[in-house]
Structures are given as structure tokens and as C-alpha cells.
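Grab a pencil and take a look at the model below. The exercises that follow walk through it one step at a time.

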Protein chains: 2
Amino acid sequence: MKIYLIEDDLEMQELLTDYLQNHDYTVFAFDDPVIALEALSSRNDYDLVILDLMLPKLDGFDVCKKIRLISNVPIIISSARGNLGDKVAAFEYGADDYLAKPYEPKELLIRMDAIFRRIKGLVGVQQIGEFQIDERKMEILQDGYPLELTRIEYEIFILLLHHPNQVLSREYISGHLKGENYNLKDRAIDMHISNLRSKLFDDFKSPKYIKSIWGVGYKFIG
Amino acid sequence: MKIYLIEDDLEMQELLTDYLQNHDYTVFAFDDPVIALEALSSRNDYDLVILDLMLPKLDGFDVCKKIRLISNVPIIISSARGNLGDKVAAFEYGADDYLAKPYEPKELLIRMDAIFRRIKGLVGVQQIGEFQIDERKMEILQDGYPLELTRIEYEIFILLLHHPNQVLSREYISGHLKGENYNLKDRAIDMHISNLRSKLFDDFKSPKYIKSIWGVGYKFIG
DNA sequence: TTAAATGTAAATTTTTTGTAAAAAAGTATA
DNA sequence: TATACTTTTTTACAAAAAATTTACATTTAA
């Protein structure tokens, strides 16, 4: 991941550069905002900009504005000015976060991660064994390949995945599906499980994923 | 936009509720995290959670974790504890931002906006696949050529474009159009989607752009 | 061995969706 | 204001998809 750091306090610049490099980021540091803007507009290989507000030649807000004209790269403001007015202006001009100096480099790092996670849509994606649940997409991937599930199949499978190795009774399943008030009869559930198994290429006699618990219900083997 | 506020300090709760309501947000306030979690898991109509860390019964971090199991809703931590360790933990558990009390409500507001903007892809240039949104002209260009959309078609399509690959329920669509005061019935939405598809030369049986998610809603394929 | 429970193919029912066409609501124009 | 035009919503019905039930074979525990 490539970070553009625009910071004219060379001591701070070096500190942040070292810290980020130690955390596997590639850092391009600039003390001149004009040169930084030139670099940004000629290249397109940056993943995040860390921007100081007090800069020579050009005001940090202007830099922010100018970046937004050419790119939607995440921008974190790193500034000694921490009053509300500056924050309002920064967010107004399109910044994603604002850190008031002095701050722990670690905090910069976790805020960067939060932004990346949000941008990449990684929030809410859960990995359970070889299955990946993306609730926003309403999709479950098995080893990266999407399963073609109907709505109830999807919801039953999510319920199972969320309770690995626990026996879920048919009653529990029927009562805990997300969304409307389903009222699934036992045999309907059996049918859905059967269809789920076939889509997972699972075999009820020696199940890899969904085990029948005789007299009770089903269990996901996690 | 619907905000879930989980805060047991009733004074703070009222202050934030009033402030946010004055800024056109619908606020559901909870002082009991268990009840809040129940509400979150049974409904799916929230756009953001503001979460205090010090709560009765359940630790705020646990609440955060539990929310992440069922939703990718943006979470902003609002806590009296402001040390680095708490921040690290909060972001670790999937929070999007962290405000240490006391803070100006205005700062909460601008940080919320920054998150929404980022989620909706409203930052900077709006090019989504072969579509380019020109909000000033109220136009959507496909490969440079403007689509002839009516107002509601335009707004529905923007909503879809801003959530690529995500399943949007009819309820969500109806509740999140720009004008905000629409109250589209399900079949009206279907009709608009049908008209949109025909203008995009899309085919519902093997859609290139708008896929129907049976029993739920629609999804833009991005 | 037997009665209860489960698996599942096939049939059936229910729900949801697509869309044409009509009706209603909203805008613009003369 | 009256009129034509546009947009939006509703209605209605066919088609599609999903969910459920049925029926019978199979499996299981006692």
C-alpha cells in the first residue's frame, strides 16, 4: 500500500515515514505541497494521503480541495491545529479523518485501517471455515465461489454457520431466521437442509458440513 | 437516515438525540445494550450506530463485536475513555470512528457525514463502472452519453450505483431516496426498475446491470 | 422388529416479479 | 383557465421462482 505523506516538519515526516514503513507501507514523503500535487496528478498509484494543514506556499485546505478535484483517495489530516473550525473545514473539503497533533502513530495506523476496511467493503465480511459471508451482498462464498442459495436457504445456512458445532432444533431454526416471521414446518426445514446439502455437495451419511442430530435437528460442523 | 444511539447517560443521550434530530436524522435511543442489540437484529433499517463504551450489563466492546456479527453498519464510538488502548480495541472490533468525551456534537456530525460520503462513494469523482454521475446537472452518463431518466428513475439508479453489488430492499430504496419524502409502494419501485432496465437495454433474465434478488429487492452489478 | 424420524423426488401451492395498460397526479403551455 | 403532455402510481394478469406438502424409501434408536 502506497501512502503519500505531505508534511513540512521534517522531524515529524521522518517519524511517520519510519513508523509506516515498519508496518509495511510504502511512503512517499513531500514537504512541498506543489510538488506533492504534481506527483498525485501524474501518477495514480496512491492508496492514502496524510496531509498536514500548515504548509509553505499552499494552504492545507487548498491542497485537500485540489486533491478532491482529481481523486477520491482517502485523506487523513494530521495537524497541530485541533479546533472545531479547522475540523469542520477539513471534512467539508473532503477529508476522511482528522488527527490533532500530538498523537500516537499507532492511532494513525488504526484509523487508516478503519478507512481501508470500509472502502474495501470488508466490514461485515465474516470468514467461517471455508465459507465467507457477505451480508451486504447477501452472498456466501465457499472457497471464493458463490453459492446459489434461495433466501431461506441463505438464512438457514447463516444461522448454522453462526452456531458451529451446536445442535439447532428445527424449532430454533424456524424461530431465529432473520427478517420476517417465517413459520417453517419441520418437514419444510428438512427439505431446505436437503437442498442446501446438495448445493454444498454434502452427503447426509458422512456429512462434511451439516450433520443430522436424530430426534433434535441439525448441526454445522465447524 | 436512521441512527441507533446506545448511551446510558440519559443527559448525554438527550443532548445527542435533540442535536441529531435537529439535523434531520431519525434517532432511536437506547440505554440498555441488550434491548438495542435485539432491535438491531430484528430490524435492518439503521444507517449508523453511535455507541458508548461504558454500559450496564454488557461491555461496549462486546456490543460492538456482536453488532459486527450481524451487520456492517457504521459504528462511531462515543466514550469518556480516550486512551490509546481503548481506541485500538474499538477499531479492532470493527468501529469506524472514535470520539472521546467531551466533544462538540458538531464534530460527531461532520464525522458521520464523512463516513456516509465514503460509503456512498460521494467523495470526488463519481465514476462507477461505465456510469458517471453528474449531480449538478442531475444526469447519469453511460460511456459519456446521458441517459434520459425521470427524476425517480434517476434517484433510484443513483442509490443502486452508490451500493454496487449490495442487495437493496424495496424498503431501503423507498426510505433512502434523496428527496426523502417519497413513499414508494413496492410495485411502484418494480415499475421504475422495469423502466430503468428498458432504458439501459438490460434484461432481467440475464441482467448486466440490475439483478432481482427474489424476496428482497435489487442489486446493481458493479 | 418396530415405531418414529429423516431424506428427497415430485407435485402442489404460494409468493414474488415483470410489465402492459389504465388511472391518477403533476407540469408545462397556449 | 383549459389543454396537452409527462411522470408516477395502481391494477391486473401472466410468468417465474421459491416454498411447502406429499409420498414413499430409508435410516435410526430402543
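**Exercise 1.** How many bridges join strand S10 of chain B to strand S12 of chain B, and do the two run parallel or antiparallel?

*Solution.* First, some ground rules: this is a predicted model, where local features need pLDDT of at least 70, side-chain atom pairs count only at pLDDT 80 or more, and totals for chains, interfaces and linings use all residues. Residues are numbered from 1 along each chain as its sequence is written, chains are lettered from A and ligands numbered from 1 in the order in which they are written, and side-chain values use heavy atoms, leaving out hydrogens and water.

Now find S10(B) at residues 167-169 and S12(B) at residues 217-220. Three bridges join them, and they run antiparallel. Strands here are DSSP runs of E with at least two residues, helices are runs of H or I with at least four, and both are numbered from the N terminus. Two strands pair if DSSP finds at least two bridges between them.

**Exercise 2.** Which residue stands opposite Ser212(B) in S12(B)?

*Solution.* Start at S11(B), residues 210-213, which is joined to S12(B) by four bridges in an antiparallel run. Ser212(B) faces Tyr218(B) there.

**Exercise 3.** What is the strand order in the open sheet of four strands in chain A?

*Solution.* Read it off as S6-S7-S8-S9, with antiparallel pairing. The edges are S6(A) (125-128) and S9(A) (145-146), each pairing on one side only. Then check one pair: S8(A), residues 139-142, meets S9(A) over two bridges. Gln142(A) has Tyr145(A) as its bridge partner.

**Exercise 4.** Why is chain A described as more spread out than a compact globule?

*Solution.* Begin with the parts list: chain A has eight helices and twelve strands. Its radius of gyration is 25 Å, well over the 17 Å that the globule rule gives for 222 residues, so chain A is more spread out than a compact globule. The radius is taken over C-alpha atoms, and the rule is 2.2 Å times the number of residues to the power 0.38. Last, look at the spans: the C-alpha trace of chain A covers about 75 × 30 × 30 Å along its principal axes.
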